Amino acid sequence: MKIDAVVLREIQMPLAHPFVTSFGKTTTRRILLIELQAEGVTAWGECVAGEHPYFSDEMIDTAWLITESELVPRLLGKNIAHGADVPALLEQVRGHRMAKAALENAVWDLQAQVENVSLAKLLGGTRKRIACGVSIGMQDSMEAQLAKVETEVAAGYQRIKLKCKPGWDTAMFRAVRERWPDILLSCDANSAYRLSDADHIAGWDEFRLLMIEQPLWYDDFYFHSELQRRIHTPICLDESIRNRRDAEAALSLGSGRILNIKVGRVGGFSEAIAVHDVAQRHGVPVWCGGMLESGIGRAHNIALSSLPNFTLPGDVSASKRYWAEDIIEPEVTADSAGEITVPTTSGRGFAVRVDRVEQLTVRNVRLTS
Ligand code: OSB
Ligand code: MG
């Protein structure tokens, strides 16, 4: 597959509801989209880097710079047989995993179309449907928080994840647990705690959380292993798993018992599959995380979630929870059982609404060999 042209675009999309985590509030997403033109077809990738370097050290502007100046020139005009061949072509550039993932994933998206197979099948997926959970941002009041949980439980989502931070944790968990004694419940601290909070965190064991996501530093797994020894609730790592070696080290150390896999965070589908395989060998379940993606990233997450060891509900949910109008057709919907059906048609299985993408575009550049 010879890559003829790569178009970088920034689109801006207001979220239907602002999303608040321990690292900040997002109101409008600025999203870098990659459009690959090759073999007479168009393929897409989405860069999940945020507006600010708060979740990770990447942000949309660094991703744009690196993609345009360093990454795309390494792909243009090359004959690439497989999406899995992309990491080696980009290897000389260190880091910038979200930028790399957008390009690599676009090549897999291309290959699936060229070979006329579904992206899910090309990645090694086996599931017909994926189990969906939701991530609920921090609300302004307990009433608003409970109302959000109510809405999502009523919609059928199989697991509710509560964003938390010091001062918005124990009492909130208690209120939710008292009202819904039996739902699958988890929390995500996005690194808001320190090891000195271990006793405080151990106090959450009574809420029977499925997991506590990334309680400590974003770049740590040693101190997470110390914390895991002091609490009963499983720790799930998100931020600190960058690649398969991190997964191997963290699971060997006992830093957690569950992994969140985000394809952008680990640098693309090849590494995401490798992390999935490491976890599977350790008997550790994984689930697919989300980064407030538009329909393109969402479609890619659905395909990834169809791999066999994605045995827990992920943060991949319906388009309408995020956007008044998505950029794909059909939009992603979840059924009343909290499941999304994995497309079996060629490629990602959701068409990109190019007219809508054009409307939302605030800058673009077309790169050719
Ligand atoms: O830590 O999982 C996270 C969103 C942005 C950045 C980090 C995270 C999240 C979410 C939302 O939890 C997941 C989603 O609904 O897309
Ligand atoms: Mg997280």
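**Exercise 1.** How do the residues of the lining of the largest cavity divide into nonpolar, polar and charged?

*Solution.* Keep in mind that this is a predicted model. Start with the count of cavities: there are two of 30 Å³ or more. The largest has a volume of about 110 Å³. Its lining has 15 residues, and Glu46, Val48, Asn105, Val263 and Gly264 are the closest to the centre. Now sort the lining by type: six nonpolar, six polar and three charged.

Next, trace where that lining comes from. Strand S3 (41–47), helix H3 (97–114) and helix H11 (295–305) each give two or more residues, with H3 providing the largest share, four residues. Domain 1 (3–116 + 354–368) and domain 2 (121–341) each contribute at least three.

**Exercise 2.** Work out what lines the second largest cavity.

*Solution.* This one holds about 60 Å³ of space. Its lining includes Arg127, Trp287, Cys288 and Phe310. Strands S4 (129–131) and S11 (286–288) supply at least two residues each. By type, the lining splits into seven nonpolar, two polar and one charged. While you're at Trp287, look over its face: Arg159 lies there, 4.8 Å from the ring centre.

**Exercise 3.** Classify the ring pair of Tyr322 and Trp323.

*Solution.* The structure has eight aromatic pairs. In this one the ring centres are 6.4 Å apart and the planes sit at 35°, so call it tilted. Both Tyr322 and Trp323 are buried. Elsewhere, ring pairs join Phe173, Tyr193, Trp204 and Phe207 into a cluster.

Technical notes. Residues numbered from 1 in each chain as written. Chains lettered and ligands numbered in written order. Predicted model: local features only at pLDDT ≥ 70, side-chain atom pairs only at ≥ 80, totals over all residues. Heavy atoms only, no water. Phe/Tyr/Trp six-rings, centres within 6.5 Å; stacked < 30°, edge-to-face > 60°. Buried < 20%, exposed > 50% of the residue type's maximum accessible area, 1.4 Å probe, protein only. Lys NZ or Arg CZ within 6 Å of the ring centre and 35° of its normal. 1 Å grid on protein atoms, 1.4 Å probe; cavity = no way out; pocket = protein on both sides within 12 Å on 5 of 7 lines; lining within 4 Å. Points joined across faces, edges and corners; volume = space filled by probe spheres on them. Nonpolar A, V, L, I, M, F, W, Y, C, P; charged D, E, K, R; others polar. Domains from an automatic or database assignment.
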